[in-house]
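Thanks for making time this morning. I would like to walk you through one model, taking the overall picture before the side chains.

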Amino acid sequence: MQRYAPWDNAPTAGEFKLQVVPEALQSEGTDAEVARAYDVHPVTLSGWKTKLKENGSRAFGGSDELKEKKEKIAKLERMVGQKEVEIALLKNFLGES
């Protein structure tokens, strides 16, 4: 059975920033209003906007960074699964339930 962490469907930090910044750029409201709507400090939002204008979509981590993080998560999940099997085998060997 595949287990899913509660954050599997949550956006990554980069995806979140790429969602918030364009809205701030296109919004008729102030940056402070957009920042408040996303629970982000206005100064932070301003920094993200500057970073995006200077570096484009690479500003918040490209697909390589995301791929590396997903690979690391998969590796750690395999390690946890292996440890669970080892614990179950030891409990069985020792006669514990």
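What you see is a predicted model, in which local features need pLDDT of at least 70 and side-chain atom pairs count only at pLDDT 80 or more, while totals for chains, interfaces and linings use all residues. Residues are numbered from 1 along each chain as its sequence is written, and side-chain values use heavy atoms, with hydrogens and water left out.

On confidence, pLDDT is the predictor's confidence in each residue, from 0 to 100. The mean pLDDT of the protein chain is 80, with 77% of its residues reaching 70 or more.

As for the fold, the protein chain has four helices and zero strands, where helices (H or I, at least four residues) and strands (E, at least two) are DSSP runs numbered from the N terminus. Of the 97 residues, 14% count as buried; by the cut-offs used here, buried means under 20% relative accessible area, exposed means over 50%, and partly exposed lies in between, with a 1.4 Å probe and protein chains only. Among contacts between residues at least 6 apart in sequence, 48% join residues at least 24 apart.

Now to the charged pairs. Side chains of opposite charge can pair when their charged atoms come close. How many salt bridges does the structure hold? There are two, a salt bridge being a side-chain nitrogen of Lys or Arg within 4 Å of a carboxyl oxygen of Asp or Glu.

One of them joins the side chains of lysine 49 and aspartate 31, at 2.7 Å from N to O. This pair links distant parts of the chain, with lysine 49 in helix α3 (residues 42–55) and aspartate 31 in helix α2 (residues 31–37), 18 residues apart. Lysine 49 is buried, at a relative accessible area of 13%, whereas aspartate 31 is partly exposed, at 25%. Leaving aside neighbours within four places in sequence, lysine 49 is in contact with Val21, Ala24, Leu25 and Asp31.

The other joins lysine 83 and glutamate 86, at 3.5 Å from N to O. These two are three residues apart in helix α4 (residues 63–94), and are therefore separated by about one helical turn. Both ends are partly exposed, lysine 83 at 46% and glutamate 86 at 33%.

Finally, the surface: the protein chain exposes about 8100 Å², of which carbon and sulfur atoms supply 54%, with areas from the Shrake-Rupley method. Leucine 94 lies in helix α4 and is exposed, at 58%.

Conventions. Contact = heavy atoms within 4.5 Å. Areas by Shrake-Rupley, 256 points an atom, 1.4 Å probe, with all protein chains shown as cover.
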